[in-house]
Amino acid sequence: MSAAAVEHPCDDGPELSLLEEADRLAEQLPGRRVEIIGGVITVAPPPDGPHARALTKLMRPFIAAGLDDGDSAVLQGIGLWLPGGPEDYAIPDLALVDADLDAHRLQNNCYDPAVFRLVLEVTSSNYKSDLRHKVAAYAEAKIPVYVILDRKHGRVHVLTEPVGGTYDRHEVYAPGQEAPLPDSIGAEVILDVAELIKAGRAQSSPSGD
C-alpha cells in the first residue's frame with residue numbers, strides 16, 4: 001500500500017507528538033492506513049478491489065507452502081516498529097512473521113522487526129513510497145526480504161540482504177517470469193508474476209452491458 005505525506009495544520013491547540021497525531025488521524029479517517037516513515041506521517045487510501053484481489057493471490061503460495069502454520073504466520077496489516085525514528089512505524093500489506101509474534105509487541109500495537117521474515121507491499125496511487133521510502137525503512141529495520149508488487153509498471157521486485165538503508169540484492173521480474181523467494185523464509189515459495197499483475201488490474205466490464 002502506498003501513501004501520501006500529511007501536512008500538520010496550524011492551530012492554537014496543544015502540540016501533539018507524532019504518535020498522538022497519527023492516532024488522531026486514524027480515528028478521523030477510518031479505513032485509511034496511517035504510518036510514520038522517516039519522521040513523516042503518511043496516510044494511504046483504502047485499498048481498491050484489484051489491490052485486495054492481488055493481496056489474496058499473494059497469500060496463497062505462502063499458505064500452500066505451510067508458512068501459516070507451525071513456527072510462522074502469514075498476516076495482513078500488522079504493525080512494524082521501525083528504528084529510523086523514535087516514533088516510526090509501518091503497516092505492510094502482508095507480512096511473514098515468527099509464530100511467537102505476541103511475545104514481541106512493542107509500542108502502538110506494533111512489533112519488533114526481529115520477528116519479521118518478509119514484508120510485502122502492493123502499490124497504489126503513490127507508488128514511490130513503496131519503491132523508495134519503504135525500501136530504506138525496511139532495510140534499516142533489517143527485514144530480510146521485501147517484496148513489492150508494482151501494479152503501475154507491471155513488475156514484481158524482490159529485495160534481499162539489507163545493509164544500512166538499502167538492500168544489496170534487488171531482483172525485478174516481469175510477466176512471463178516466476179519470482180522465487182529465498183529459502184530463508186522457511187519454505188520454497190515462487191510467485192507467478194503474470195497472475196499477480198493481472199489480479200492487480202481493474203477488470204474490464206463485459207461488452208454489451
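## Strand E2

Arg33, Glu35 and Ile37 point one way from strand E2, while Val34 and Ile36 point the other way. All of them are buried. This is a predicted model. E2 spans residues 33-37 and is mostly covered, with five of its five residues buried.

## The E2–E3 hairpin

E2 pairs with E3 in the antiparallel sense, over five bridges. Glutamate 35 stands opposite threonine 42 in E3. The two strands form a hairpin with two residues between them. In the turn, glycine 38 has a positive phi of about 60°.

Strand E3 covers residues 40-44 and holds valine 43. Valine 43 counts as buried because its relative accessibility is 10%, and the cut-off for buried is under 20%. Isoleucine 197 lies 154 residues from valine 43 in sequence. In space, the two are 24 Å apart, C-alpha to C-alpha.

## Two nonpolar cores

In soluble globular proteins, nonpolar side chains tend to be buried together. Here, the largest nonpolar core has 28 residues. Those with the most contacts inside this core are Phe62, Leu118, Val156, Leu181, Ile185 and Leu191. Several elements each supply at least two residues, including helix H2 (49-64), strand E9 (116-122) and helix H4 (193-199). H2 gives the largest share, five residues. A second, separate core has 23 residues, among them Leu80, Val135, Ala139 and Tyr146.

## Around leucine 191

Which residues does leucine 191 touch, leaving aside its neighbours within four places in sequence? Its contacts include Leu58, Pro61 and Phe62. Val147, Val156, Gln177, Glu178, Ala179, Leu181 and Leu196 are also in contact with leucine 191.

Technical notes:
Residues are numbered from 1 along each chain as its sequence is written. This is a predicted model: local features need pLDDT of at least 70, side-chain atom pairs count only at pLDDT 80 or more; totals for chains, interfaces and linings use all residues. Side-chain values use heavy atoms; hydrogens and water are left out. Helices (H or I, at least four residues) and strands (E, at least two) are DSSP runs, numbered from the N terminus. Buried means under 20% relative accessible area, exposed over 50%, partly exposed in between (1.4 Å probe, protein chains only). A nonpolar core is a set of buried Ala, Val, Leu, Ile, Met, Phe, Trp, Tyr and Cys residues joined through side-chain atoms within 4.5 Å. Contact means heavy atoms within 4.5 Å. Two strands pair if DSSP finds at least two bridges between them.
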